[in-house]
Amino acid sequence: MPGIQHDIDIPFKKATFGMGCFWASDALFGAQPGILRTRVGYAGGTLIDPEYRKLGDHTEVIEIDYDPKQISYEELLQLFWDNHEYGLTTCVKKQYMSLILYHDDDQKRIAEISVKKESHKRNEKLITTILPAGIFYPAEDYHQKYRLQQHSWLVEELGLTPELLQKSHIAARLNGYLVGVGKIEALESDCVKLGLPEKISNYVHKQWKQNEGGSLYC
Ligand code: MHO
């Protein structure tokens with residue numbers, strides 16, 4: 001679509017989490033307030049250049065660019081605790097382990113306090129691992145904004161190239177709204193703010209209503 005503004009150029013911080021299949025966390029975080037961009041990939045392990053069918057010791061993770069003025073790391077962590085695919089007490093396999101990859105000492109400190117609090121609240125020992133963020137390997141194109149990519153006409157209409165699938169603000173937002181994540185008010189204000197044509201906006205509204213309250217995972 002000519003003239004569509006994909007990026008949003010404000011200062012941001014990064015957060016990286018593993019919490020199950022990354023299609024779900026991509027959608028979950030994409031539509032939250034203060035989320036600028038998301039991308040999915042592999043991290044936490046040692047294998048060089050992992051691939052989906054050759055992950056080695058890596059985990060599926062979501063990498064988030066967020067505006068700390070609009071959403072705090074604590075709030076991101078709350079979403080992390082509340083939305084694991086396989087829970088917080090049993091590790092199914094390394095691919096889906098519960099993982100927090102911190103980007104600075106502040107995040108490390110907050111994550112360590114947060115895991116203690118959450119464990120106390122649930123009265124359970126949690127298996128979540130906290131590690132420094134090392135190399136992030138972006139996943140194959142077809143995994144990026146996976147939910148959005150199921151609506152191929154939208155990908156085309158929005159001009160989402162492989163690069164934009166990882167970098168576009170609009171793509172991150174719509175990828176969540178399409179599966180009923182986020183608030184209707186946020187969706188409405190985004191449609192106006194991002195100047196989305198009526199055809200797209202109506203379609204996304206419809207999908208949001210159909211899918212609201214459904215499961216993120218499949
Ligand atoms: N349940 C999904 C997981 C995909 S994922 C990116 C599948 O089996 O295809 O891990």
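Let's start with a term: a residue is called buried when its relative accessible area is under 20%, exposed when over 50%, and partly exposed in between (1.4 Å probe, protein chains only).

Before the points, some ground rules. This is a predicted model, where local features need pLDDT of at least 70 and side-chain atom pairs count only at pLDDT 80 or more, while totals for chains, interfaces and linings use all residues. Residues are numbered from 1 along each chain as its sequence is written, and side-chain values use heavy atoms, with hydrogens and water left out.

1. Two domains. The chain is split into domain 1 (13-138) and domain 2 (141-211); such bounds come from an automatic or database domain assignment. Between the C-alpha centres of domain 1 and domain 2 there are 22 Å.

2. How they meet. With contact meaning heavy atoms within 4.5 Å, 18 residues of domain 1 touch 19 residues of domain 2. The size of an interface is often given as the accessible area lost when the parts come together. Here the buried area (accessible area, 1.4 Å probe, that two parts lose on being put together, summed over both) is about 1,500 Å², and carbon and sulfur atoms give 52% of that. Look for Trp23, Ala27 and Ala31: they supply 37% of the area that domain 1 buries against domain 2, more than any other three residues.

3. What holds the sides opposite each other? Let's just count pairs. Helices (H or I, at least four residues) and strands (E, at least two) are DSSP runs, numbered from the N terminus. Both α1 (22-30) and β2 (35-43) supply at least two residues of the side of domain 1 that touches domain 2; the largest share, seven residues, comes from β2. By class, that side has 12 nonpolar, three polar and three charged residues. Nonpolar covers Ala, Val, Leu, Ile, Met, Phe, Trp, Tyr, Cys and Pro, charged covers Asp, Glu, Lys and Arg, and the others, Gly among them, count as polar.

4. The structure holds 16 salt bridges. One of them joins Arg37 and Asp65, with the closest N and O atoms 2.8 Å apart. Arg37 sits in strand β2 and Asp65 in strand β3 (residues 59-66), so the pair links parts of the chain 28 residues apart. Arg37 and Asp65 are both buried.

5. A pair within a helix. Lys108 and Glu112 also form a salt bridge, their closest N and O atoms being 3.7 Å apart. These two are four residues apart in helix α3 (residues 105-122), which means about one helical turn separates them. Lys108 is partly exposed at 29% relative accessible area, and Glu112 is partly exposed at 33%.

6. A pair between helices. Lys199 forms a salt bridge with Glu157, with 3.6 Å between the closest N and O atoms. Lys199 lies in helix α9 (residues 198-211) and Glu157 in helix α5 (residues 152-157), 42 residues apart. Lys199 is exposed at 52%, whereas Glu157 is partly exposed at 29%. Elsewhere, salt bridges that share partners join Asp7, Lys14, Arg37, Arg39, Glu63 and Asp65 into one network.

7. Two backbone angles to check. Most residues other than glycine have a negative phi. Asp49, in the loop between β2 and β3, has a positive phi near 50°. Lys145 has a positive phi near 50° too, and its place is the loop between β6 (137-138) and α4 (146-149). Lys145 is buried, with a relative accessible area of 0%.

Notes: A salt bridge is a side-chain nitrogen of Lys or Arg within 4 Å of a carboxyl oxygen of Asp or Glu.
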